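Subject: Structure handover

Hi,

Here is the structure for you to pick up. Please load it first, then read the notes below.

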There are 2 protein chains.
Amino acid sequence: MLLVRVFGRRGAGADGPRSRSRTKPELPIDRVALHDVDLDPVALLGRAAYVQLAQFTALSRAAAEAPSVDGKGALADAAGRLLESHRALVGALQRRGVVPSEAMHPYVASTDRFFQTVSGANWHEALTSCYLVDGLLDDFYSRLIAGVEPDGRELAALLTGPRTSGEIVGVLSAAIAADTRLGSRLAVWGRRLVGDTLLCARAALPETVRTDAGEARIEPVLTELMAEHTRRMDRLGLTA
Amino acid sequence: MLLVRVFGRRGAGADGPRSRSRTKPELPIDRVALHDVDLDPVALLGRAAYVQLAQFTALSRAAAEAPSVDGKGALADAAGRLLESHRALVGALQRRGVVPSEAMHPYVASTDRFFQTVSGANWHEALTSCYLVDGLLDDFYSRLIAGVEPDGRELAALLTGPRTSGEIVGVLSAAIAADTRLGSRLAVWGRRLVGDTLLCARAALPETVRTDAGEARIEPVLTELMAEHTRRMDRLGLTA
């Protein structure tokens, strides 16, 4: 069975994320053998499937509240693509002979709570979360899933593909261009999201990894995730 | 150009809808030449496209609030199919060289207001609306669209296909079976929805038809719509 490396040598240090943030990573998905952690594929897929459903929920809500018809349609289309990812993960669970809802069930309450904390105080914050939180979680889950699933590469590609970012960036950039104060408020919001989101992501890792020693080993992956996050902030014209 | 008959001879009288309600109509879509009313295809498609988007919004919201993971997933899937119908109508607008958002724009405020009035006081009412209101509107729009579009038959079939009913009926029937008082409350709600929904549907017809004389001529179509509505109530075990 292929496993995924989520740990490795320590990164370049505290300035690593910022100094690497504008360069393109060599490979979108870091897939090497993982010797020290065994991920339960059903738990991982169940969690990832429910996270996609929660992302769909958040984005379809943002679509509903979009002020323009154009925005509504574009964001609803984008939400539809999250639903396709959810279905693909449900399909992977079914191929393993698992009842998808049973695999997702243990993660519903904590995932709903997390998405509530990042739902924002207004529509622009909610939509910014749909872009930044989803980006972070998808980057993270795609790394894990690429290793544990027979068709993991395809699933991972589905998660990291440009599913929703075009529409969201289009809608948000227009709003930010029209209101510079909005830009600085969303920059603050974008930075605030990171901590909670990484905690949510880490919950997918076994307990044994969530220790101080584990923290050090996971750092290179976090560095990559932060670099991608910074690129997303850049696309919105926000300082990470 | 094909046109659709939405008017015709008067029906069998006041007891027509009830007495016909358990029989299957001969044809799902009544397509004959319409001599006295000319529908603007772009207006019709724009309105129908936005109605589908509003239905998607309502159902994805109901999915988000579903108490079980099974229900959430099933209703989100169903919502995804409404989005596909929306896209198909947007495609029809594009083939006519029209900007879809411009074609939808005139109908946004009134459609949003209507969906607000049928959104219900709780989740069960909201979900019942997703089934009954969508059913009535889709039956109505499919009759109109089948006549005005070159590929109208396919679009109409898309609207009247079993897109969402399986999931919604499954979720609602289980809830009604577990709580008989819920059933009688939803029966009242189901009857209350009809008037507002038919008003919303009629708004798609030209002003000239929305007169007392027009009322009389439209009655056979309303009779058919009511028969379908009664069948949907039946499927939920509710008295129409």
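From the N terminus on, chain A runs α-α-α-α-α-α-α-α-α-α. That is 10 helices and zero strands. Keep in mind that this is a predicted model.

**Chain A overall**

Chain A has 240 residues, and 55% of them are buried. I also looked at its contacts between residues at least 6 apart in sequence. Of these, 83% join residues at least 24 apart.

**The core**

In soluble globular proteins, nonpolar side chains tend to be buried together. Here the largest nonpolar core holds 143 residues. Which of its members touch the most others? They are A:Leu59, A:Leu127, B:Leu59 and B:Leu127. Take A:Leu127 as one of them. Leaving out residues up to four places away in sequence, A:Leu127 touches A:Leu59, A:Ala62, A:Leu75, A:Ile168, A:Val171 and A:Leu172.

**Helix pairs between the chains**

Two packed helices are described by the angle between their axes and the distance between the axes. Start with α3(A) and α2(B). Their axes are 11 Å apart, at an angle of about 55°. That angle makes α3(A) oblique to α2(B). The crossing is left-handed. On the α3(A) side, the residues that meet α2(B) are A:Val69, A:Lys72, A:Gly73, A:Ala76 and A:Ala79. Their partners in α2(B) are B:Tyr50, B:Leu53 and B:Phe56.

Now take α2 (residues 41-64) of chain A and α3 (residues 69-95) of chain B. Their axes come within 11 Å and cross at roughly 55°. Again, that makes α2(A) oblique to α3(B). α2(A) passes α3(B) in a left-handed crossing. A:Tyr50, A:Leu53 and A:Phe56 of α2(A) make the contact with B:Val69, B:Lys72, B:Gly73, B:Ala76 and B:Ala79 of α3(B).

**Helix α5 of chain B**

Helix α5 of chain B spans residues 108-117. Which of its residues are buried? They are B:Val108, B:Thr111, B:Phe114 and B:Phe115. These residues sit on the same side of α5(B), because they cover an arc of only 135° around the axis. An α-helix has 3.6 residues a turn, so residues three or four places apart point the same way. B:Arg113 and B:Gln116 are exposed on the other side of α5(B).

What covers the buried residues of α5(B)? The cover includes α3 (69-95) of chain A. It also includes α2 (41-64), α4 (100-104), α6 (123-148) and α9 (180-202) of chain B.

The pairing of α5(B) with α2(B) can be given in detail. Their axes come within 10 Å and cross at roughly 35°. The crossing is right-handed. From α2(B), the contact uses B:Tyr50, B:Val51, B:Ala54 and B:Gln55. From α5(B), it uses B:Val108, B:Thr111, B:Asp112 and B:Phe115. Note B:Tyr50, which also meets α3(A).

**One residue in α4(B)**

B:Ser101 lies in helix α4 of chain B. Is B:Ser101 buried or exposed? B:Ser101 counts as buried, because its relative accessibility is 11% and the cut-off is under 20%. Not counting residues up to four places away in sequence, B:Ser101 touches A:Val69 and A:Asp70. A:Val69 is also one of the α3(A) residues that meet α2(B). Within its own chain, B:Ser101 is 52 residues from B:Ala49, and their C-alpha atoms are separated by 9.4 Å.

Over to you.

Definitions and conventions: Residues numbered from 1 in each chain as written. Chains lettered and ligands numbered in written order. Predicted model: local features only at pLDDT ≥ 70, side-chain atom pairs only at ≥ 80, totals over all residues. Heavy atoms only, no water. Buried < 20%, exposed > 50% of the residue type's maximum accessible area, 1.4 Å probe, protein only. Helix = DSSP H or I, 4+ residues; strand = E, 2+ residues; numbered from the N terminus. Arc of directions from axis to C-beta. Contact = heavy atoms within 4.5 Å. Core = buried A, V, L, I, M, F, W, Y, C linked by side-chain atoms within 4.5 Å. Axes fitted to C-alpha atoms, helices over the stretch in contact; angles between N-to-C directions. Parallel < 35°, antiparallel > 145°, perpendicular 65-115°, else oblique. Left-handed = near helix turned anticlockwise from the far one by under 90°.
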